Amino acid sequence: MTPPTTSPTTSPATSPATAASISWDQALGWRLGRQLLDQPGERSASEVVQTLGAVLATHPSSAELAVRSRQYRSRPGELAQALTEGTVIKTFAYRGAMHHLSAQDGGIYLALRAAGRQWELRSWVEFYRLTAQQWPRFRETVRDALRDGPLTVPELGARVTGRSSYKHLQPVFADDPWTLLKALCWQGDICFGPSVQGKPTFQRLDANSHWAGIPTLDEAGPRAILACLHSYGPATGEHIQHWFGEGLSAGRKRLERWRTQLGDRLVPLDVDGTTTFAAAEDVESILAAEPSDAVHFLPGHDQWVMGPGTKDTHVTPPPYRTAMTRQAGIVLRGGVVSGTWAVRGSELHVSSPVQPAELQEQAERLVGLLGQDLEIHYTKA
């Protein structure tokens, strides 16, 4: 039997009149600074994660590279240290994948992810044999099982199903416990702990002194929209739906309501004929932004591409979309995907229409961040 899943309800969006007009080149130039690429500073790993909202955690080396690419000075292991200290957490978030979130405000994204309340659906109740009324007690049991520290999934399953009320969940923990565990992550009960011999563990989240908790849904929604616009704006209504509706299951109607509630804290801008939204406090700097020709090398599935989505042709031209979905290393020029890179043995292979002389400095920086002695080869794409 397949664990139950849900999808958000959608409805048409509205397009208000715009307050000013800019180009996408300007918008991306501003965004490069806000995402700490054109203007890297003395930011900690946790501050970089907080700026980006979420950093995909599926591949630890890529996550570290995404963070270090945005730091003026960095050293290997800073992201792992932030996880150990608890300023960053690793949990299930966007599209059900593992992400790094800031312990300070990651709760706003989890609140939106839990908005669908999947554990109350009939299919969920029938599959797990846990009613909505029984769910709070089950959550308490899981937290209690972790009171002495992190446990591997089999260890956690043994503790929980050792209770007679949850003995029926033994096959779930033995076969596919991930959907069940994701719901516990979304509600802030658990998050990933340190791996043990390559095996994932889970730990209580409320034991983390840096954890700020999960706000109410109607508090989290407007905060999440503003937070993302600060780093990914100007953005269309469909971008907002992509982030929080498709990515976190918040639902289009809720997103439209929150956007309306924000009122004049959001300003509509025309970007090359497309209606977008920006946080009011950012509008002055957006209008003053200049297009950028800067080159940047980023890991595959970096938030620069994954935030707006690979369908956004202003960031990912159609010829590069397949490569981006397949996690190719990213070469940016002016914020637009303009090539790919890959490490093969002792060589860094760069494929781009950009002249090698313009790529060399950032290619060498990438080699330094990777910590490998790599010979750089360029191919004209």
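Here are some questions and answers on how the features of this structure get their names.

Q: What makes a residue count here, and how is it numbered?
A: Residues are numbered from 1 along each chain as its sequence is written, and side-chain values use heavy atoms, with hydrogens and water left out. This is a predicted model, so local features need pLDDT of at least 70 and side-chain atom pairs count only at pLDDT 80 or more, while totals for chains, interfaces and linings use all residues.

Q: What makes strand 3 and strand 4 a pair?
A: Strands are DSSP runs of E with at least two residues, helices are runs of H or I with at least four, and both are numbered from the N terminus. Two strands pair if DSSP finds at least two bridges between them. Strand 3 and strand 4 (residues 98-102) have five bridges, in the antiparallel sense, so they pair. Within strand 4, His100 stands opposite Lys90.

Q: Why are strand 2 and strand 3 said to stand at the edges?
A: The open sheet has three strands in the order 2-4-3, with antiparallel pairing. Strand 2 (55-56) and strand 3 (88-92) each have a single partner strand, so one side of each has no neighbour in the sheet. Helix 4 (residues 78-85) packs on this sheet and touches strand 3 and strand 4.

Q: Why is helix 1 called roughly perpendicular to helix 11?
A: Axes are lines fitted to C-alpha atoms, for helices over the stretch in contact, and angles run from 0 to 180 degrees between N-to-C directions. Angles under 35 degrees count as roughly parallel, over 145 as roughly antiparallel, 65 to 115 as roughly perpendicular, and the rest as oblique. The axes of helix 1 (residues 24-34) and helix 11 (residues 217-232) cross at roughly 105° and come within 7 Å. That angle makes the two helices roughly perpendicular.

Q: Which residues of helix 1 and helix 11 meet?
A: Trp30, Arg31 and Arg34 in helix 1 meet Leu229, His230, Ser231 and Tyr232 in helix 11; contact means heavy atoms within 4.5 Å.

Q: How do you know that helix 2 is mostly covered?
A: Buried means under 20% relative accessible area, exposed over 50%, and partly exposed in between, with a 1.4 Å probe and protein chains only. In helix 2 (residues 45-52), six of the eight residues are buried, namely Ala45, Ser46, Val48, Val49, Thr51 and Leu52.

Q: What makes a set of residues a nonpolar core?
A: Such a core is a set of buried Ala, Val, Leu, Ile, Met, Phe, Trp, Tyr and Cys residues joined through side-chain atoms within 4.5 Å. The largest here has 45 residues, and Tyr94, Tyr109, Leu112, Ile225, Trp243 and Phe244 have the most contacts inside it. Helix 11 gives the most to this core, with seven residues. A second, separate core of 29 residues includes Tyr128, Trp135, Tyr166 and Phe202.

Q: Is Arg95 buried, partly exposed or exposed, and what about Asp272?
A: Arg95 has a relative accessible area of 46%, so it is partly exposed. Asp272, at 52% relative accessibility, counts as exposed.

Q: What makes the phi of Arg95 and of Asp272 worth a look?
A: Most residues other than glycine have a negative phi. Arg95, in the loop between strand 3 and strand 4, has a positive phi of about 55°. Asp272 lies in the loop between strand 8 (266-271) and strand 9 (274-279), with a positive phi of about 50°.
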